[in-house]
Amino acid sequence: MEKLMLLGDEAVAKAGMDAGMSGIYAYPGTPSTEIMEYVQNSERASAEGIFCQWSANEKTAMEAALGMSYTGKRAMVCMKHVGLNVAADPFMNSAITGVNGGFLVIVADDPSMHSSQNEQDSRYYGKFAMVPVLEPSNQQESYDMVFYGFELSEKYRIPVMVRLTTRLSHSRSSVKPEASREQKKILLPSDPRQFVLLPAIARNRYKYLLSVQTDLERESEISSSFNKLLDGKDKSVGFIACGLAYNYLMEIMNDHEMDNPVLKISQYPLPSEKIEIITANCNKVVVIEEGYPLVEEMLRGFPVVNEKIEGRLDGTLPRDGELNPDHVAKALGIAVNEGPPVPPVVKNRPPSFCAGCGHIDMFNALIQAMERYGPGRVFSDIGCYTLGALPPYDAINSCVDMGASVTMAKGAADAGLHPSVCVIGDSTFTHSGMTGLLDAVNDISPITVLIGDNCTTGMTGGQESSATGRLEDICIGLGVVPDHIKLINPLKKHHGENVDTIIKELEYKGVSVIIARRECIQVTMRRKKQEKTYGNNRNQPSRKI
Amino acid sequence: MKTDIVIAGVGGQGILSIAACIGMAAIESGLHMKQSEVHGMSQRGGAVQSNLRISDREIASDLIPLGKAKLVLSVEPMESLRYLPWLSENGWLVTNTTPVKNITNYPDTEEIITEIRSLKNHIIVDADKLAREIGSPRSSNMVMLGAATPFINIGYDEIEKAVKRLFSKKGDNIADLNLKALRSGRSSSSSRL
């Protein structure tokens, strides 16, 4: 079959379709977004009826995917690492219920926080839930592991996690696809109570999960291509390299004609026999892993001082951040021949709002309205508008997790801070802000909620937002007094009236919501371009099924 | 044969189209290719780069090690200097002169050009001007790709074919303009070698 040039994300998506998945669920989040987008943009998804719509958040996505698995069909759920925190409840419990149709949880981690608020390592979640984790080292493995993962999931009837990292998600290379499989037919679980986690049933389910652990380790031991032990003559040092880190190691070893034993890890639970062989045969072992030192900690045991093991914990490799071939070279004692230094004339170029972005006008109005109260009163959230923290705005004081702006403003208001304001995007609001608003309404916490409604999920590239056109109705439904739901148009020409509206609501001692609504400029430009190419007749390629 | 290329620019300048053309040409030439891209937050007017690796043998790392790039190809002058630590001893820096001044402390362009001129191997192209001259101001990225072709170990014909293939989706006229841009960039740098 013809080779394709695919991003790691796209390889996973293509493999899902080829492996006969019936549905994919996700909430956009860098670096995982392109998985769903690839399926949505494929003609096959609509032709073959593969469900591929965005969910309100990662928790609803995970639960819907579990529901699809319940019917016996193959399902995939995708998210970024912090999305798994949101979906942690169904994830942990799906390990106990087990699955029916193959169930893959694709999580893309973001070491070095290119586009995230932390760099947590999802492999810990896999270990926590006691489910297999597959960690591809390249685009072809990303593809192959989806096929293998579905089979593994169905063999043991448990979820399987595939862990990607930014560099693989967003790096392109050739992938050789396999022949497509048919989707599965509906076949409900043979045990009607499998998914009923009443304590008496859950205890049995948990015992089952424990009972397959030895088998799962055996699978890791025998899956020779994913976890492979390569012997080498120089036993003074051996290397254990996980996922993508294996590539950096190979880069350096090939360039310097090194011949040391290497254990490549791409499947967990860890293959203990292979680990025993390499640790017994080498004088010391350097553990190279992208993310937290999970394997290294396990190998060190307690106390952590173990002269035989080197890695991120003893400074052989950096403790934080994404790895690269230069880190690995240094860990191997190889000099790096760096090019000329960056001259001082080069200035940082941080991301900024697009020219013409509605958030600019929203922040300008908010800044002026807040002048009389002084700084430190604006909680914010995850999205493009987080850039409001940077100069020249310096307009927000928090960004913690999806939806936290509403609830942190509430807590501060409960403590007596008035006015207490939050700035949240429309998609973030429907993801996790609505429940916090309900809390504020129930407790009559005096907060001003400013929803930057750009009618899309902007930061990740303009995906549909769950409740476009229905935000007012949602706020009314949650109990916000209609008189204190205000709509403003964030444009320069409305600046004065927008400032007045905000000031009035800041003074109100109850819950008020101001919706600053103007379509994302990127979406507007894209729409206009498309209209120019295809006309207004809507005869354009549809992304929906 | 191994060619490591850092393609640099500012989010929105079309560096991924450059990478796609080179990548397509590499594959058509039967070479291995890995190309890492920047998506997400930094795309919003921030500094962006793509690491493109081409080889006749299998490529391990998606990232280029420091000091290994044979070419830094930049569509913005200040951005070209940001990746100097990756440039190899005999590597070439090929850059556009038109600055993107979306930061308040953007340095004097002359200072940047002076820094670039101090490098042993450099090609400076006013790609925006050349693109305007051929009547396609939006094709400056293809002018830059053209200017870099002498330093990419792939037949020029293959690169032309790739450009044609990539842009023909948008119509023959657009494909022709981009091919013109490519040729104009190539002759501009070839005349200086």
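**Entry 1: the sheet across two chains**

I started with the sheet, which is open and has 8 strands in the order E1(A)-E7(A)-E2(B)-E3(B)-E1(B)-E4(B)-E5(B)-E6(B), with mixed pairing. The edges are strand E1 (4–7) of chain A and strand E6 (122–125) of chain B, each of which pairs on one side only. Neighbouring strands of the sheet are turned against each other by 20° on average, direction ignored. I counted two strands as paired if DSSP finds at least two bridges between them. Helices (H or I, at least four residues) and strands (E, at least two) are DSSP runs, numbered from the N terminus.

Ground rules, noted before going on. The model is predicted, so local features need pLDDT of at least 70 and side-chain atom pairs count only at pLDDT 80 or more, while totals for chains, interfaces and linings use all residues. Residues are numbered from 1 along each chain as its sequence is written, chains are lettered from A and ligands numbered from 1 in the order in which they are written, and side-chain values use heavy atoms, with hydrogens and water left out.

Next I looked up where the two chains join in the sheet. Strand E7 (residues 171–175) of chain A and strand E2 (residues 32–36) of chain B run antiparallel and are joined by 3 bridges. Opposite Ser171(A) I found Ser36(B) in E2(B). As a reminder to myself, strands of a sheet pair through backbone hydrogen bonds, either parallel or antiparallel.

Helix H8 (residues 139–156) of chain A lies across E1 and E7 of chain A and also E2 of chain B. H8 runs at about 65° to E7(A). Axes here are lines fitted to C-alpha atoms, for helices over the stretch in contact, and angles run from 0 to 180 degrees between N-to-C directions.

**Entry 2: a helix pair in chain A**

At what angle do helix H6 (residues 88–97) and helix H10 (residues 199–211) of chain A cross? Their axes cross at roughly 85° and come within 7 Å. H6(A) and H10(A) are therefore roughly perpendicular to each other (angles under 35 degrees count as roughly parallel, over 145 as roughly antiparallel, 65 to 115 as roughly perpendicular and the rest as oblique).

I listed the contact residues, with contact meaning heavy atoms within 4.5 Å. H6(A) contributes Ala95(A), Ile96(A) and Thr97(A), and H10(A) contributes Ala202(A), Arg205(A), Tyr206(A) and Leu209(A). By class they divide into 5 nonpolar, 1 polar and 1 charged. For the classes, Ala, Val, Leu, Ile, Met, Phe, Trp, Tyr, Cys and Pro count as nonpolar, Asp, Glu, Lys and Arg as charged, and the others, Gly among them, as polar.

Cys354(A) is in none, and its nearest cysteine sulfur, that of Cys357(A), is 6.1 Å away. Cys354(A) is buried at a relative accessible area of 18%, and Cys357(A) is buried at 12%. Buried means under 20% relative accessible area, exposed over 50%, partly exposed in between (1.4 Å probe, protein chains only).

**Entry 3: a glutamate in chain B**

Is Glu160(B) buried or exposed? It counts as buried, at 19% relative accessibility. Glu160(B) sits in helix H6 (residues 156–168) of chain B. Not counting residues up to four places away in sequence, Glu160(B) touches Leu179(B), Leu182(B) and Arg183(B).

**Entry 4: loops and backbone in chain A**

I then went to the loop between strand E14 (378–379) and helix H17 (404–414) of chain A, where Ala389(A) is found. Ala389(A) is partly exposed at 36% relative accessibility. Ala389(A) and Cys399(A) are 10 residues apart in sequence and 9.0 Å apart in space, C-alpha to C-alpha.

Asp394(A), in the loop between E14 and H17, has a positive phi near 45° and is not a glycine. Asp394(A) is exposed at 52% relative accessibility. The peptide bond from Pro391(A) to Pro392(A) is cis, with omega near 5°. Another cis bond joins His418(A) and Pro419(A), with omega about -5°.

Cys455(A) also has a positive phi, about 60°, and is partly exposed at 25%.

How values were computed: A disulfide is a pair of cysteine sulfur atoms within 2.5 Å.
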